[in-house]
Amino acid sequence: MVKHQPLQVYEKQVFVSFVTGIYGCRWKRYQRSQDNSSRWECTWFVILCSSFLLLLFWAYFWLVAQNDFNEFNWLVYNRSGEWRDETIPILASTSVGFSYITFLLILALFHISLGQQLNLYWLHKIGVLATLLTTVSGVISVDDIWGDEWDILLLSLQSTAPFLHIGALVTVTAISWLVAGYVVRRERSNFQVMMLLIYMVILLAVYLAPLTFTCPCIMDRHSLRPRPDIIGRRGAPMLAPENTMVSFNRALQYGTSSLEADVTISVDGVPFLMRDRTLKRTTDVRKVFPVRQYDDASFFNWTEIRSLNAGQWFLESDPYWTVGTLTARDRSRIANQTVCSLVELLRLAARANGSALLNVRRPPPEHPRYRSWFMDTLWAVQKAGITQKRVRTVTWTPDTDRGRVRGLPQTANEKLSVEEMRQRGITSLTLHYSKASHKDLQEYLANNVSVTVYPVNEGWLYSILWCSGVPSVSSDAPQVLRKVPYPIWLMSRNTYDFIWITSDLVSFAVVVGIFSFQKWRMRGMQSCNPEQIMLSAVARRSSREVNIMKEKLIFSELNNGLSSTEELCLYPENGYATYSHGELSH
C-alpha cells in the first residue's frame, strides 16, 4: 500500500512576518499558529482596546481644552508655588502613548484579519500596562485640580459631533470586514451570534446618533445674530504681560470693544491691576522685596508696587510660546512695564471710546481698606473721567456689599435664574464657558439678559457662541478671534440631513457588500481541496516566487521498512514525489 505526499509549498509572507514579528516577536514561520487565541491573550486584547479608548478620550479632552491651557497652568501654580508649563509633558506623553497603543491595536486587528493567533510580546504587555496606568493617574489628577473642565467635552460636541459621526461611520464600516469574516465560518456558535448582534446594535446606534445632536451652527443663515463683541481679558496676554498698559493697547489694536481686568486695593487705597494674591509670579518682588514675596499684594502701598517690574517675567517664562514672534522693539517695551493702576486702564478705555469689565477682589478683613474698597473703586472711576455706565463690576462679595458700589452696573459671575437676577438687581451675567449651556443661553436671551462668556480663545468655541446668539465674549486671544469672520461649519438643517442620510446609506451598502463577499469567499474556500490549491500554486508560480521545501515522503505499508527494490522518484515538473515497491509507479 502506497501513500503519496505532495511537496509543501511555502510562499514568502513578508507582511505576515512583519505583523507577527512586531506584535509578538514571532518572526519565523514555525513560531506562528492559526489556532484560536487563548483566553489570556484575548484578555490582553481587551486591555489593549480599553487602553486605546481611554487614550482616545484623553487626547480629545486635551485637544478641546487647549482653549484654556493657561488656566490649568495657573491652577497648578497656585498649588506648587512655581510657574511651569505643565501642558508640555502631558501633551508629549499623550501623543507617544496614543501612537504606541494605536499601532499595537492595528497589528492586533491584522492578526484577526489574517487568521493569526494573538500572542502579545511581554515587553509590549509592560508598555500597555504602563501607558494605561499613566493615563488613569493623569485623569485622576486633572479631576482633582481641574474638575470643572470636564464640562467642555459636552460643549465641544456641539461643534464636533457631525464630524465625529462621520469618523464613527468609517470605523464601524471597516470593522465589518473582521466581523463578517468571523461570523460566516462553517462552525456555528452562540458566541458568533452574540458578536453579530452586538455589532448590529452598535451599527444602528451610530446610524441614529445624529438624532441626539444639539448643534447651534446647524441653522438657517438668515437667523444668525450679529457677531459677538470681543472683550480683551487682561488685555492681550498672549502677546504682552497680562494687566499691563502694553497688553491693553495690543487688545485695542485687534478690535476689542471692551477691556477686562482684575482689581486689587493697595494698603493706601489705590486700586491696581493684579490677578494673583501675591506679586511673585508677575513682578520682580523676589529681587526688590525678597522677604515679602509671599505677602498678599494688597498689603503693599502704591509706591512700593509702582517700583516693581511687571514685564520681565513674561519674556523669561514665555507662558503662551509667543515671545519668539515679538520684535526687538516690543521686547524692549515689555521689559520696562510696571504695574498698572485702575485709573490708567479706565483712561485708556475712555480714549478708545470703549468700556471696562472689572473683577474687583475684596481685601482681607485685617486690611485697612476692608470697609472702603468700594469707595476707592468709585473714586478711581470718577478720576479717570469715564462715564459710569461704561464700567461694569464683578464683585466677589455678598449682596449686602454689592449694592454699596453706587452708580456702577453690576454683573454676576455665577449662573442664576432670571427671577433671582431681578430680585438681586443684577443686569448681566459673566459665565465660564463650561457653565453656558445652549438651553440656558436661549432662556437668558429671551428675557433680554446680557451674557458674557469667558474665556473664549478658540475659533470653534467662538463659532458655537456666535450661533447661540451670545452678545459678547471675553478672550485672552483677540488676535485669534479676529480671524473668524464667519461661524465655522455653519450649514442649514436640510444640508446636514442630506449628508447624514447619504453617509448612513453608503455605509449600509458597504457593510452588506462586505458580508456578501465574505460569505462567497468562505464558500469558495470550503469547496476546494487544499492539496489542489497547493499544487496549482506551484504550477502558476516560478521558482523565483516560491521557496519549495522538499520534505521526506510519508508512507505506510503492511510490511515494516523498505526492500532493496523500493525506489524513490521525484517529478519536479509536477510538483510531487512517489515511490513504488518493486517497480516505479506514478
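Biologist: Which residues lie nearest the centre of the largest cavity?

Modeller: In this predicted model, 14 residues line the largest cavity, and Gln-158, Ser-159, Pro-162, Cys-217 and Trp-489 lie nearest its centre. Its volume is about 120 Å³.

Biologist: What makes this space a cavity and not a pocket?

Modeller: A cavity is a set of points where a 1.4 Å probe fits but cannot get out, whereas a pocket is an open set. By this rule the count comes to four cavities of 30 Å³ or more.

Biologist: Which helix gives the largest share of the lining of the largest cavity?

Modeller: That is α6, with four residues. Helices α6 (151–183) and α18 (459–468) each supply at least two residues of this lining. By class, the lining has 11 nonpolar, three polar and no charged residues.

Biologist: And how is the lining of the second largest cavity divided by class?

Modeller: Into six nonpolar, five polar and two charged residues. This second largest cavity holds about 80 Å³ of space, and among its 13 lining residues Glu-242, Asn-243, Leu-273, Met-274 and Thr-282 are the closest to its centre.

Biologist: Turning to the helices, why are α8 and α13 called roughly parallel?

Modeller: Helix α8 (residues 245–253) and helix α13 (residues 342–351) pack at an angle of about 20°, with their axes 11 Å apart. Angles under 35 degrees count as roughly parallel, and α8 and α13 therefore qualify as roughly parallel to each other. Their crossing is right-handed.

Biologist: Which residues make the contact?

Modeller: Met-245, Phe-248, Asn-249 and Leu-252 of α8 meet Glu-344, Leu-345 and Leu-348 of α13. Five of these contact residues are nonpolar, one is polar and one is charged.

Methods: Residues numbered from 1 in each chain as written. Predicted model: local features only at pLDDT ≥ 70, side-chain atom pairs only at ≥ 80, totals over all residues. Heavy atoms only, no water. Axes fitted to C-alpha atoms, helices over the stretch in contact; angles between N-to-C directions. Parallel < 35°, antiparallel > 145°, perpendicular 65-115°, else oblique. Left-handed = near helix turned anticlockwise from the far one by under 90°. Contact = heavy atoms within 4.5 Å. Nonpolar A, V, L, I, M, F, W, Y, C, P; charged D, E, K, R; others polar. 1 Å grid on protein atoms, 1.4 Å probe; cavity = no way out; pocket = protein on both sides within 12 Å on 5 of 7 lines; lining within 4 Å. Points joined across faces, edges and corners; volume = space filled by probe spheres on them.
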